Amino acid sequence: MRRPLLFAVPLVALIAGCSPDPSPTTDPSPSVTAAPSPAGPDYTAWAAGRSTPVADPLYPAYGHADVDVLHYGLELDWAPETKTLTGTATLRLRAVSDLTAVRLDFTQAYTLDGVTLNGATVAGTIADNDLTVPGTVAKDAYATLVVKYHGTPATVPMPSHRTDTEPLGLTVAKDGGLWTMQEPYGASTWYPSNDQPSDKALYDIAVTVPAGWSAVATGAAKPQEGNTFRYVAADPVATYLTTLAVGKYQKETAEGPRGVPLTYWYRQGTDDKLLPVIKKSPQLLAWLEQRFGPYPFASGGVVMVPSASAMETAQMVTMGTPDYGTTKTAEIARYFEDDLLHEYAHHWFGNTVGPTSWTDLWLNEGWATYVQHLHSNERDKITAKQWEDWARGVDSRLRAKLGPPGSPKAENFAESNVYTCPALMLHQIHKQLGDDAFFALAREWAQQHRNTTQDRASFIAFVNKQTGKDFTALINTWLDSPTTPK
């Protein structure tokens, strides 16, 4: 996510870039036993989506540690004139423990039109933003859940005091389009999901829109079929990293490093001034690849939306257009470039290697923020010492206001202490190791742990093994100290 506005560096301003009544149900039916038949699907096709879900300590109301979703197949239809989203979600899932019901996150803004579990019609109910489907699934058995639904998308509150964020989830734009920002939760405002970071899954997304409209979603684009746009995410991602945008977009294509296909979706007359920066994507990705290894996904790109924020949504970065006030055009371009570089950096640090729980958001944002500053310092000729002197002043104020980055508060999601403070910690490691060893450490972290989730303990163990030095005390001190370490 875009880093919140902080304090200006003397030489340059640096910014960057998350119980109502149950809804109508299907006809009641007896609970079914969900055991795949010999003629059923081959679940090995979705093996790459296997995860080890854990209950999130920061937002326990979201996510279900007893369910591992391997694959989401989403067939969506958007009708702007009635603001109605109609969907069929097919989930391939694994029971982490013996289940008597499958529970997922899903908003009661939708009416259920039908639910099946392994082909048998069952009753589904939505209450307290949870979908409950009765049916027994044995531990480590697989099941296919199909949910049909329709309704008008509704957002949920963002648990943060940031001024550049909006309510979470799928948002209906003034012109009838759609867009979403949904970190730390909000995917459940448009499809039934295990809406927490430790459960990564594969995706097939198809979106049908009226003629003249375009639909943009997570994954590599497949051939358009009439007014239906299709996307496939062959690398597993967490729910907060999915995106959906519908609008009257202009489209441009390009090639990134090693021929990686890039697509830019923008609104003519609204985003034109930022398009030259968006077109710098191949150079930004090349800069990142030189330091951190190959871009870890099959495609990339940018979709512009009417938001004040930005988000590292996988394979298709979601960029908003914040109000820059009277800022000069050249400065706007630099700020936007910093945001874009930050979100692209997340594809190495946060997307392919994500946090197991939101307690370790610093592991995403610390890396992306430090990488962003390495880039902007190089561009703007700011020395490492000048940056550290500035960052220490910011760090001190943030710890006093928000606490240490290793113990974030649920009501302060993605506020500045989980950005600058761990970035400054990484700078201390960088100073001790030197460029070669530090960038080798960063490359191996992203490449060795591709498509996994990690936490503080695994990061410390990796750093110590990779470097042959004991950084345990340094890392824990920087993550836990109420004041800036010396």
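**Loops, helix packing and overall form of a predicted model**

Asn118 lies in the loop between β4 (110–117) and β5 (120–121). Strands (E, at least two residues) and helices (H or I, at least four) are DSSP runs, numbered from the N terminus. The model is predicted, and local features need pLDDT of at least 70, side-chain atom pairs count only at pLDDT 80 or more, while totals for chains, interfaces and linings use all residues. Residues are numbered from 1 along each chain as its sequence is written, and side-chain values use heavy atoms, with hydrogens and water left out.

The phi angle of Asn118 is near 50 degrees, a positive value in a residue other than glycine. With 28% relative accessibility, Asn118 counts as partly exposed; buried means under 20% relative accessible area, exposed over 50%, and partly exposed in between (1.4 Å probe, protein chains only). Gln315, which is not a glycine either, has a positive phi of about 70 degrees. Gln315 sits in the loop between β19 (310–311) and β20 (317–319). Its relative accessible area is 2%, and Gln315 is therefore buried. A further loop, between β10 (178–181) and β11 (201–208), contains Pro184. The peptide bond that joins Glu183 and Pro184 is cis, with omega about 15 degrees.

Two helix pairs were examined. Helix α2 (residues 281–292) packs against helix α3 (residues 329–345) at an angle of about 50 degrees, and their axes are 10 Å apart. Axes are lines fitted to C-alpha atoms, for helices over the stretch in contact, and angles run from 0 to 180 degrees between N-to-C directions. The angle makes α2 oblique to α3; under 35 degrees counts as roughly parallel, over 145 as roughly antiparallel, 65 to 115 as roughly perpendicular and the rest as oblique. The crossing of α2 and α3 is right-handed, a term used if the near helix is turned clockwise from the far one by less than a right angle, and left-handed if anticlockwise. On the α2 side, Ser281, Leu284, Leu285, Trp287 and Leu288 meet Glu337, Leu340, Leu341, Tyr344 and Ala345 of α3. This contact (heavy atoms within 4.5 Å) has eight nonpolar, one polar and one charged residues. Ala, Val, Leu, Ile, Met, Phe, Trp, Tyr, Cys and Pro count as nonpolar, Asp, Glu, Lys and Arg as charged, and the others, Gly among them, as polar.

Leu341, in helix α3, is buried, with a relative accessible area of 0%. Apart from neighbours within four places in sequence, Leu341 is in contact with Leu284, Trp287, Leu288, Val371, Gln372 and His375. Val371 is 30 residues from Leu341 along the chain, and their C-alpha atoms are separated by 8.4 Å.

In the second pair, the axes of helix α7 (residues 420–433) and helix α8 (residues 435–448) come within 6 Å and cross at roughly 130 degrees. These two helices, α7 and α8, are therefore oblique to each other, and their crossing is right-handed. Leu426, Ile429, His430 and Leu433 in α7 meet Asp435, Ala437, Phe438, Phe439 and Leu441 in α8. By class, seven residues of this contact are nonpolar, one is polar and one is charged.

The chain as a whole has 10 helices and 22 strands. Its radius of gyration (taken over C-alpha atoms) is 22 Å, close to the 23 Å that the globule rule gives for 486 residues, so the chain is as compact as a globular protein of that length. The globule rule is 2.2 Å times the number of residues to the power 0.38. Along its principal axes, the C-alpha trace spans about 65 × 50 × 40 Å. Of the 486 residues, 61% count as buried.
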